[in-house]
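Subject: Handing over a structure

Hello,

Here is the structure I promised to pass on to you. Please open it first, and then read my notes below alongside it.

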Amino acid sequence: MRPIAYVNAIYSLLQYGVAVLTRRVRQAPMPFAVSIELTNMCNLRCPCCATGADLLTRPRGFMRTDLDENMADTLKRYALAANLYFQGEPMLHPRFFEITERLRYLHGTISTNGHFLNEENCKRLAVSGLKKIIVSYDGMTQETYSSYRQGGDHSVVKEGIRCLAGQINRQKNTPALELLFLYGRHNSHEMKSAKKFAGSVKASFKVKSMQVTGTENVDKWIPDEARISRYIREGDTYRLKKGPARGCIRMWTTAVITWDGNVVPCCYDKDAIYSFGNIYEMPFNEIWNGNKRRTFITNVIRERDSYEICKTCPQGLRLFFK
């Protein structure tokens, strides 16, 4: 129990409301959530993913295990939630379990493609102190699954999920297991079967609308069902559904940190173009309350289209479905 963290979270939400109303940002509260990128490398080649499609222009690598002490102190004091992923597959990190153990107090969440769920790893995940483990499970057959999860093995993932579910069910105070179905035209016919499989292993099941990069083969991915889509069809083209005209609560409350220490505005800055600073070069407090970040979030609060990464961001739209 960390009372300061809860007070900070409440204060942060109140201050965000004031900033949106006045369109002014003074000193923003400390973040009560954080996304930490363990690596931006992946074993798969998903065509609509910046990592899988090899669209990232920044260097590839693994986060240092000695996470900057200044940042670690901030997390201990203020953070209530942590996602230990951003780009890439977090379980590729050669010292993955050392990092999760070091950040155990955050009760974090990981999202994995499920190809590293062997028996030993499942045993360790079940007692890791993580709050939630999300496994991407986008189809019930190899053909459907690998049409998007290119380079993936459906049978390996399915057996890994069963193994992990078994280990979790043997323990107390274990992570919640969630199967995430990235919904597109290619796999919509298998969604109900995937949900049934999730129920058989006592996992929760969520459906996520797909983001499509570029225009090539766009009809292959965007589903017909408009309710579970980020896009609206207009004749022969598609346009993104629009969220709020200004403001972004996730950018206000959540720090996103790349594997090499850059603090970026959000998960849409995949190439760290708008980095506010590096935690290995300056104190995190100075980065979070610095002029670069204050100017950025002020502009976003006044108009979301101030920056390219915000123009295609679906923040404010419903992206997850049961």
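A definition to start with: contact means heavy atoms within 4.5 Å. This is a predicted model, in which local features need pLDDT of at least 70, side-chain atom pairs count only at pLDDT 80 or more, and totals for chains, interfaces and linings use all residues. Residues are numbered from 1 along each chain as its sequence is written, and side-chain values use heavy atoms, with hydrogens and water left out.

With that rule in hand, look at T254. Leaving out residues up to four places away in sequence, T254 touches P31, A33, V34, S35, P265 and W288. T254 belongs to strand β9 (residues 254-257); helices (H or I, at least four residues) and strands (E, at least two) are DSSP runs, numbered from the N terminus. T254 counts as buried because its relative accessibility is 12%, where buried means under 20% relative accessible area, exposed over 50% and partly exposed in between (1.4 Å probe, protein chains only). G243 is 11 residues from T254 along the chain, and their C-alpha atoms are separated by 19 Å.

N83 lies in strand β2 (residues 81-83), and N83 and T109 are 26 residues apart in sequence but 4.8 Å apart in space, C-alpha to C-alpha. Beyond its neighbours within four places in sequence, N83 is in contact with V34, S35, I36 and T109. With a relative accessible area of 21%, N83 is partly exposed.

Setting aside residues up to four places away in sequence, L75 touches R2, V34, I36, L67, L103, Y105 and L106.

Helix α6 (residues 154-170) has 17 residues and reaches 25 Å from its first C-alpha to its last, close to the expected 24 Å; the expected span is 1.5 Å times one less than the number of residues.

Now the rings. Rings of Phe, Tyr and Trp (its six-membered ring) pair if their centres lie within 6.5 Å, with planes under 30 degrees apart counted as stacked, over 60 as edge-to-face and the rest as tilted. The count by this rule comes to 10 aromatic pairs. In one of them, the rings of Y274 and Y307 have centres 5.4 Å apart and planes at 75 degrees, so the pair is edge-to-face. This pair links distant parts of the chain, 33 residues apart. Y274 is partly exposed at 22% relative accessibility, whereas Y307 is buried at 14%. Ring pairs also join Y274, F276, F296 and Y307 into a cluster.

Last, a hairpin. Strands β7 (residues 231-234) and β8 (residues 237-240) pair in the antiparallel sense over four bridges; strands pair if DSSP finds at least two bridges between them. I232 stands opposite R239 in β8. Two residues lie between the strands, and G235 in the turn has a positive phi of about 70 degrees.
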